[in-house]
Amino acid sequence: KQNGELQVLFYGNKKEYNQNEIVKFKIHVRDKYPERVFSTTSNYLNVGYFTTSSYYSIRDAHTEREIIPFDNTFTKLSSDTDGMYFNLHMNGLQPERYYRILLKHINEEGTTIYDDQYFFKVVR
């Protein structure tokens, strides 16, 4: 999606992950206020995408320390037919801690940081 207000949701993800997992975080992007049209399917089911200039960041939920900063190469979001996603190796994070995911989307309107308080925990 190039412009307009967007709603960003994580779906199919758990609240806790084992420290040895590689997790695919799935992101659903859609218009916050979809255009009204008569249809046999819901507008809310349409797959949306950010522009190619979209990134993720991981923060420690307790200390707010940036663990994985936004990076133009290494934290770029990927996409497939199901939407946007990124893979994260949990063994790079300290177990028994909570983490928060932030998303950054850059388009012709500027830069938007999405911080919808999405938390997860790494466990042993």
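1. A salt bridge is a side-chain nitrogen of Lys or Arg within 4 Å of a carboxyl oxygen of Asp or Glu. The side chains of Asp115 and Arg100 meet this rule, at 2.9 Å from N to O. Asp115 sits in strand E9 and Arg100 in strand E8, so that distant parts of the chain, 15 residues apart, are linked. Strands (E, at least two residues) and helices (H or I, at least four) are DSSP runs, numbered from the N terminus.

2. A word on the source. This is a predicted model, in which local features need pLDDT of at least 70 and side-chain atom pairs count only at pLDDT 80 or more, while totals for chains, interfaces and linings use all residues. Residues are numbered from 1 along each chain as its sequence is written, and side-chain values use heavy atoms, with hydrogens and water left out.

3. The overall fold comes next. The protein chain has nine strands and zero helices. Its pattern along the sequence is β-β-β-β-β-β-β-β-β. Take the contacts (heavy atoms within 4.5 Å). Among those with a separation of 6 or more, 62% join residues 24 or more positions apart.

4. How much of the protein chain is buried? Of its 124 residues, 35% count as buried. Buried means under 20% relative accessible area, exposed over 50%, and partly exposed in between, with a 1.4 Å probe and protein chains only. The accessible surface of the chain comes to about 7800 Å². Carbon and sulfur atoms own 47% of that surface. These areas come from the Shrake-Rupley method with a 1.4 Å probe; for residues, only the protein chains shown count as cover.

5. Back to the charged pairs. Side chains of opposite charge can pair when their charged atoms come close. The count here is seven salt bridges. Shared partners join Arg59, Glu64, Arg100 and Asp115 into one network of salt bridges.

6. Glu64 deserves a look of its own. It lies in the loop between E4 and strand E5 (66-68). Its phi is positive, about 65 degrees, although Glu64 is not a glycine. Glu64 is partly exposed, with a relative accessible area of 35%.

7. Which residue forms a salt bridge with Glu96? The partner is Lys121, with the closest N and O atoms 3.6 Å apart. Glu96 lies in the loop between strand E7 (83-89) and strand E8 (97-107), and Lys121 in strand E9 (residues 110-123), so the pair ties together parts that are 25 residues apart in sequence. Lys121 is buried at 15%; Glu96 is partly exposed at 39%. Phi of Glu96 is positive too, near 65 degrees, in a residue other than glycine.

8. Another salt bridge joins Glu21 and Lys14, whose closest N and O atoms are 3.6 Å apart. Glu21 is partly exposed, with a relative accessible area of 25%. Lys14 is also partly exposed, at 43%.

9. Now the interior. In soluble globular proteins, nonpolar side chains tend to be buried together. A nonpolar core is a set of buried Ala, Val, Leu, Ile, Met, Phe, Trp, Tyr and Cys residues joined through side-chain atoms within 4.5 Å. The largest one here has 24 residues, and those with the most contacts inside it are Phe25, Phe86, Leu103 and Phe120. Strand E1 (6-11), strand E3 (22-31), strand E4 (54-60), E7, E8 and E9 each supply at least two of its residues. Setting aside neighbours within four places in sequence, Phe86 touches residues including Phe10, Val23, Ile27, Tyr56 and Leu77.

10. Rings of Phe, Tyr and Trp (its six-membered ring) pair if their centres lie within 6.5 Å; planes under 30 degrees apart count as stacked, over 60 as edge-to-face and the rest as tilted. The whole structure holds nine such pairs. Phe10 and Phe25 are edge-to-face, 6.5 Å centre to centre with 90 degrees between the planes. Both are buried. Phe10 and Tyr118 have centres 4.3 Å apart and planes at 20 degrees, so this pair is stacked. Phe10 in strand E1 and Tyr118 in strand E9 are 108 residues apart. Tyr118 is buried at 11%.

11. Which residues form the aromatic cluster? Its members are Phe10, Tyr17, Phe25, Tyr56, Phe86, Tyr99, Tyr118 and Phe120.
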